[in-house]
Amino acid sequence: MSTPRFLDLPPGVTPQKIETPQGTFAVLEALPVSGVVERWPALLVPGLTGSKEDFIAVLMTLAQSGRRVVAVDLRGQYETPGPDDPAAYTCAALGSDLDALAQVIGGGGPMHLVGHSFGGLVARETVIDGRTKFASFTLMGSGPAAIEGRRARNGRKIMEEVPELGLEHVWQHRFEPEVLAGDVPDDIVAFLRRRLLANSPTGLSSMAEQVLTMRDRTDELRQIEVPTLVLYGEDDDGWSPETQSEMAARLGAECVVVPGAVHSPAVEAPETTAAALVRFWNAAEKHYLDIHSNSL
C-alpha cells in the first residue's frame with residue numbers, strides 16, 4: 001500500500017471534480033504558485049490500493065515547471081464512485097476512462113501521462129488504444145505483465161478475501177499490521193483505513209485480478225510513437241528492477257532508477273522523481289514540436 005508521508009495540500013494544489021462523458025472523477029489539481037501555465041498538462045494515475053494522494057509530495061514541484069498537473073482516483077477508487085459490475089474495472093475499461101479525462105484536461109491537445117504500478121497497466125491501455133495522442137508516457141514502478149513476488153501474493157489475497165470477508169477484514173488482517181509495523185503517524189493510518197474502506201469492493205477485487213493476470217503488451221506499446229520513460233525504485237518489490245530494465249530495453253525507452261526508493265518513488269524520493277519527470281517532459285515537448293514543425 002502506497003503510504004503518503006503527509007496529507008496537507010501544498011500551495012497551488014486543490015481537490016476538484018472533473019466531469020466527463022464517462023462519469024465524474026475526483027482529482028487533485030496542481031497549478032503553478034508563481035508564473036503561468038505555459039507547458040502541456042499531465043495526468044497522474046495511481047496504483048491498485050492507492051489514490052491521487054500518492055502524488056501529493058510531487059504535485060507542487062511538477063506544476064511549478066509551468067504545467068497543470070492532475071492526479072486522479074480511478075473509477076471505484078477512494079473518492080471516485082464505481083458500479084458493482086466487474087467489467088467496469090478491466091484495464092481496457094479504466095483506460096477508456098483515462099481517454100475521457102485526457103480529452104477534458106488536455107482539450108484535445110498534447111499532454112503527458114504517468115501511470116504508477118497498476119495505474120501503469122491501465123495507462124498503457126490508453127496509449128495503445130490510440131484514441132488520445134500523448135506527448136509522453138511514463139511507467140512508474142510498473143512492469144510488462146502480471147505483478148511479481150510479495151505483491152502478487154498480497155494481490156491474490158485481496159482478490160480472494162474482499163468478496164468473501166469484506167474490506168474491513170482485509171484492512172485489519174492485511175494492511176493495518178503492516179502499516180503499524182512501519183511506525184506510520186496516526187493521521188496517516190486513519191487516512192489509509194478510510195481510503196481502503198471507501199473503495200468499491202467489486203472494483204478492488206477486480207483490479208487485483210487484472211494486475212495478477214495481465215499479459216505482456218510491450219511489443220504493442222513499442223509500435224506507438226510516443227516518448228516513453230521507465231522509472232522505478234532501486235529496490236522495487238512489485239516488478240523487479242531487472243524486469244523493468246528489460247522492459248525499457250525492449251521499448252527503446254529512457255530508464256531512470258531512483259536511489260532510495262522501493263515501489264512508490266513519488267512518495268519515497270519525491271525530489272528525484274519530480275526532477276526526472278520535469279526533465280523528461282521538457283525533452284518530450286521539444287521532440288514533439290521539432291517533429292511537427294518539420295512536417296509543416
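Is Glu 254 buried, exposed or partly exposed? With a relative accessible area of 31%, Glu 254 comes out as partly exposed, a label for anything between buried (under 20% relative accessible area) and exposed (over 50%), worked out with a 1.4 Å probe on protein chains only. All of this rests on a predicted model, where local features need pLDDT of at least 70, side-chain atom pairs count only at pLDDT 80 or more, and totals for chains, interfaces and linings use all residues. Residues are numbered from 1 along each chain as its sequence is written, and side-chain values use heavy atoms, with hydrogens and water left out.

Now for the charged pairs. Searching the whole structure turns up 21 salt bridges, each one being a side-chain nitrogen of Lys or Arg within 4 Å of a carboxyl oxygen of Asp or Glu. Glu 254 takes part in one of them, with Arg 279 as its partner and 2.5 Å between the closest N and O atoms. This pair ties together distant parts of the chain, 25 residues apart: Glu 254 sits in strand S8 (residues 254-258) and Arg 279 in helix H11. Helices (H or I, at least four residues) and strands (E, at least two) are DSSP runs, numbered from the N terminus. Arg 279 counts as partly exposed because its relative accessibility is 41%.

Asp 290 is partly exposed at 35% relative accessible area, whereas Lys 286, at 56%, is exposed. His 287 is also found in helix H11, which covers residues 270-294. At 42% relative accessibility, His 287 is partly exposed. Pro 227 lies 60 residues from His 287 in sequence, yet the two are 8.6 Å apart in space, C-alpha to C-alpha.

Elsewhere, Glu 220 pairs up with Arg 215 in a salt bridge, the closest N and O atoms being 3.2 Å apart. Glu 220 has a relative accessible area of 30%, so it is partly exposed. There is also a network of salt bridges linking Lys 52, Glu 53, Asp 73 and Glu 79.

What about the cysteines? A search of the whole structure finds zero disulfides, meaning pairs of cysteine sulfur atoms within 2.5 Å.
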